[in-house]
Amino acid sequence: MDKRFWICGFTIAATALALAFVVHGVLLRADYQALAHMFRPQADANARIGWILAAYASLGLAMTWLYRWLPPPARSKRWHGARFGLAIALVSFLPWHLLAYAGQPFPLSLALRQIGLDTIAMLLLGLLLAWLQPHRRGLAPAPD
């Protein structure tokens, strides 16, 4: 794991955390407030912020690690990154939200919005990974 891996991994983690705040803290906030009885009290949730940070660090580092295993794109970096982001969404957020819907009394409309918004976030993270090019070993820009 070289310096570029760590920079890309933590950049993805920080961006994923910011996107999650926009999706879940802003766009879906009213939905969650209507279901407040199903969640921890705010003070209790705030006391567990370290677990949230660990989860997003894991996401960013794992996405970077997996992306580095892929062969570098032959043509469009953008589509390569977007397809990777979609694949990550299909193996993570889609099944997670469907399982949460099946196991908890969430409205289907909320689960569908979570899936849609989190899939968009994963597409954006895939595009960011493609732009960061974690395949490169140095920090200097790659020649075009």
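Me: What should I know before I start looking?
Reply: This is a predicted model, so local features need pLDDT of at least 70 and side-chain atom pairs pLDDT 80 or more, while totals for chains, interfaces and linings use all residues. Residues are numbered from 1 along each chain as its sequence is written, and side-chain values use heavy atoms, with hydrogens and water left out.

Me: How many helices and strands are there in the chain?
Reply: Seven helices and zero strands. Helices are DSSP runs of H or I with at least four residues, strands are E runs of at least two, and both are numbered from the N terminus. From that end, the elements read α-α-α-α-α-α-α.

Me: Why is H1 called oblique to H4?
Reply: The axes of H1 (residues 3–27) and H4 (residues 49–69) cross at roughly 130° and come within 7 Å. That makes H1 oblique to H4, because angles under 35 degrees count as roughly parallel, over 145 as roughly antiparallel, 65 to 115 as roughly perpendicular, and the rest as oblique. The axes are lines fitted to C-alpha atoms over the stretch in contact, and angles run from 0 to 180 degrees between N-to-C directions.

Me: Which residues of H1 and H4 meet?
Reply: Among them are Phe5, Trp6 and Phe10 in H1, and Ile52, Tyr56 and Arg68 in H4. Contact means heavy atoms within 4.5 Å. By class, the H1–H4 contact has 17 nonpolar, three polar and one charged residues. Here Ala, Val, Leu, Ile, Met, Phe, Trp, Tyr, Cys and Pro count as nonpolar, Asp, Glu, Lys and Arg as charged, and the others, Gly among them, as polar.

Me: What makes H4 and H5 oblique to each other?
Reply: H4 and H5 (residues 77–91) pack at about 125°, with axes 12 Å apart. By the angle rule, H4 and H5 are therefore oblique to each other. Met63, Leu66 and Tyr67 of H4 make the contact with His80, Gly81, Phe84 and Ile88 of H5. Those residues divide into five nonpolar, two polar and no charged.

Me: What is Leu19 in contact with, leaving aside its neighbours within four places in sequence?
Reply: Leu19, which lies in helix H1, is in contact with Ala121, Leu124 and Leu125. The C-alpha atoms of Leu19 and Met122 are separated by 9.1 Å, though these residues are 103 residues apart along the chain.
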